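Here's a quick briefing for anyone opening this structure for the first time. Take a look, then read on.

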2 protein chains.
Amino acid sequence: MARRVGNQTILLEKDIAIKGCAGVVGKKEGEGPLSKYFDMIFEDEYLGQETFEAAESLLVKNAVTLGVKDAGLGMADIQLVVIGDLLDQSMASTYGIKDFGLPHIGLFGACSTCGLSLGLGSLLVESSVADNIVVATSSHFCTAERQFRFPLEYGSKRTPNSQRTVTGAGAAVLSQGSGKVKIKAVTFGKIKDYDVTDANNMGAAMAPAAADTIKAYLDDTGAKPDDFDLILTGDLGKIGKKLLIELLQKENIDISSVHDDCGLMIFDVNSKDFAAGGSGCGCSASVLYTYIMDKFEKGELKRILFIATGALLSPTSSNQGLSIPSIAHLVELCI
Amino acid sequence: MARRVGNQTILLEKDIAIKGCAGVVGKKEGEGPLSKYFDMIFEDEYLGQETFEAAESLLVKNAVTLGVKDAGLGMADIQLVVIGDLLDQSMASTYGIKDFGLPHIGLFGACSTCGLSLGLGSLLVESSVADNIVVATSSHFCTAERQFRFPLEYGSKRTPNSQRTVTGAGAAVLSQGSGKVKIKAVTFGKIKDYDVTDANNMGAAMAPAAADTIKAYLDDTGAKPDDFDLILTGDLGKIGKKLLIELLQKENIDISSVHDDCGLMIFDVNSKDFAAGGSGCGCSASVLYTYIMDKFEKGELKRILFIATGALLSPTSSNQGLSIPSIAHLVELCI
């Protein structure tokens, strides 16, 4: 049974593990520094489909299929899928997994969905709602640009602050018992709104949410930043990382020596095209479920905090000039 | 601890109750047959806000505030909110509750969100993730028309099959112990896709999902339709209700004598304007958390199945001519 500590952190008392997982990406991600860790790299941004949205659904389908296979299971062993993505009404997830015929919990947390699904899925496995749960999430550069900024066909110039949405998907199978890594704690975040309205500067919008959730976890548990080998945020990118560190320093919390960000790992940030880093649900998912799992396997990581951050804007809220509320969900992982 | 029976049903073994709840609606709903049961009726469809979306957020805020009050609690007693709505990126929910400062799980299940949030919230209370969880959902006629069909300003004529999206929101507080009604079982649905592509005929799209989930629950538990005082679907409307009964009859399951649908209760279906019934997340939520709770309180209901149905379309999927996948989540309620 779960045990709540402090205001918002839940400790898992059973052994709940990632039994298998996978991450698949597009061409640009496949050319980046983590190339060799991905389970599949798709050269064609359409993945042979007619629309970018159908391509993103196929990323989801592949990640789930490979994740289940990696766990040594078949689809018949899975009792529940917990899933979401960035698009209106989670379109990529719905069409990506509808043919698997699995009981389904749809989530919305924008780019925080990787942490949200991992945390929630773990709690549901611990409470015996299911033996094996698949959690998954995705994003696609072309679907996200069309949805939140401009269709690519307009040829709009991206701003220097704008992170590139990752084309990728990640999936994990959660089960009781042993696995690649255990889930020890979950902190669901609160919505924070610092009146950022620039849909090209998500890192700035999301940093306060990440700071708030990290502080909540540390307050709740009494842990210190250097108890961890890594404090890994989802996709704050270059500007968001700087802001996060500053915000926590004001609270006398120094994570600078152990912090890294999936958005700054997946692309070569020395290249002008990717200077601000990556973003999107598929960013943290494809990094966590491949490269980070590999580091656990090699013993280079033993205990980390993973904080997926999400900017909860919509095309309508942007058009109405509203601020971008954000959220961050935290999961503690260890071997 | 939860106990899974059959393929997809979870029985709750502790006493998990709706401790308090509320439903608020707009003018047309307030003029309907359930008028006297609603906690608030707003005459102005803008609720004094500048946009319909802001109005829907205010419906959410009011429902949550009144639901928490009805439970005899304050916002500081709530540890988690589980919420979603119909709009792109759950905009109404995000802006509606962001100022409450509560840890937040965002859901997407379209009109099934009332059942999804109630079921998931109950499981999380049972596993001690939180003492008190607020679940909530909403819809608004004007935001939904703009999002999924045409902005009202176009003056489009609605088809005879089209259900009217309810302007309303409902919220409930879930806690261990006693309350208005207990949650005994949850069946999370599977996505069903019967190739319906008409965004004006959601009932037809959703009926197969409702049939599938009801059959799954009955198969899993061995219960029969006449074990229940009521089998209540969310918002299938007139056409969906007929289809649901037919689909289940083919499986030798006859629910005709105990079935009703929130979409057929909230409006006067003898009036031409509302002939097909109501729909939207706010439909089932505002009916369940007011009129149905009243019937439990009076002892007119003792044991019911509530099945919230959702059509998982998006503006993009409609524009691309895709089918409308649907889902239905079931919750068993009893005193």
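This is a predicted model: local features need pLDDT of at least 70, side-chain atom pairs count only at pLDDT 80 or more; totals for chains, interfaces and linings use all residues.

Residues are numbered from 1 along each chain as its sequence is written, chains are lettered from A and ligands numbered from 1 in the order in which they are written, and side-chain values use heavy atoms, with hydrogens and water left out.

**Where the chains meet**

- Chain B puts 58 residues into the contact, and chain A puts in 58 residues too; contact here means heavy atoms within 4.5 Å.
- Together, chain B and chain A bury about 4600 Å², with 62% of that on carbon and sulfur atoms. Buried area is the accessible area (1.4 Å probe) that two parts lose on being put together, summed over both.
- There are 4 salt bridges across the interface of chain B and chain A, a salt bridge being a side-chain nitrogen of Lys or Arg within 4 Å of a carboxyl oxygen of Asp or Glu.
- D131(B) pairs up with R4(A) in a salt bridge, with the closest N and O atoms 2.8 Å apart.
- Between chain B and chain A, 18 residue pairs are in polar contact, both residues at pLDDT 80 or more. A polar contact is a pair of N or O atoms within 3.5 Å; within protein, one must be able to donate a hydrogen and the other to accept it, and residues adjacent in sequence count only if both atoms are side-chain atoms.
- On the side of chain B that touches chain A, the elements giving two or more residues are helix 3 (91-97), strand 6 (104-106), helix 4 (113-126), helix 5 (141-148), helix 10 (315-319) and strand 15 (326-334) of chain B. Helices (H or I, at least four residues) and strands (E, at least two) are DSSP runs, numbered from the N terminus.
- Helix 4 of chain B gives the largest share of that side, 5 residues.
- Sorted by class, the side of chain B that touches chain A has 29 nonpolar, 19 polar and 10 charged residues. Ala, Val, Leu, Ile, Met, Phe, Trp, Tyr, Cys and Pro count as nonpolar, Asp, Glu, Lys and Arg as charged, and the others, Gly among them, as polar.

**How the copies relate**

**Salt bridges to look up**

- Over all chains, the count comes to 26 salt bridges.
- R3(A) and E13(A) form one of them, at 2.7 Å from N to O. R3(A) is in strand 1 (residues 3-5) of chain A, while E13(A) is in the loop between strand 2 (9-11) and strand 3 (16-26) of chain A, 10 residues apart.
- R3(A) is partly exposed at 41% relative accessibility, and E13(A) is partly exposed at 47%. Buried means under 20% relative accessible area, exposed over 50%, and partly exposed in between (1.4 Å probe, protein chains only).
- D15(B) and K182(B) also meet in a salt bridge, 3.9 Å from N to O. This pair links distant parts of the chain, 167 residues apart, with K182(B) in strand 10 (residues 181-187) of chain B.
- K98(A), D99(A) and D193(B) are joined in a network of salt bridges.

**Single residues worth a click**

- S284(B) sits in helix 9 (residues 281-297) of chain B and is buried, with a relative accessible area of 0%. Leaving out residues up to four places away in sequence, S284(B) touches C111(B), C114(B), G234(B), C262(B) and F306(B).
- Most residues other than glycine have a negative phi. L47(A), though, has a positive phi near 45°, and lies in the loop between strand 4 (40-42) and helix 2 (52-70) of chain A.
- S128(A) isn't a glycine either, yet has a positive phi of about 65°.
- D212(A), in helix 6 (residues 202-221) of chain A, touches K190(A) and K192(A), not counting residues up to four places away in sequence.
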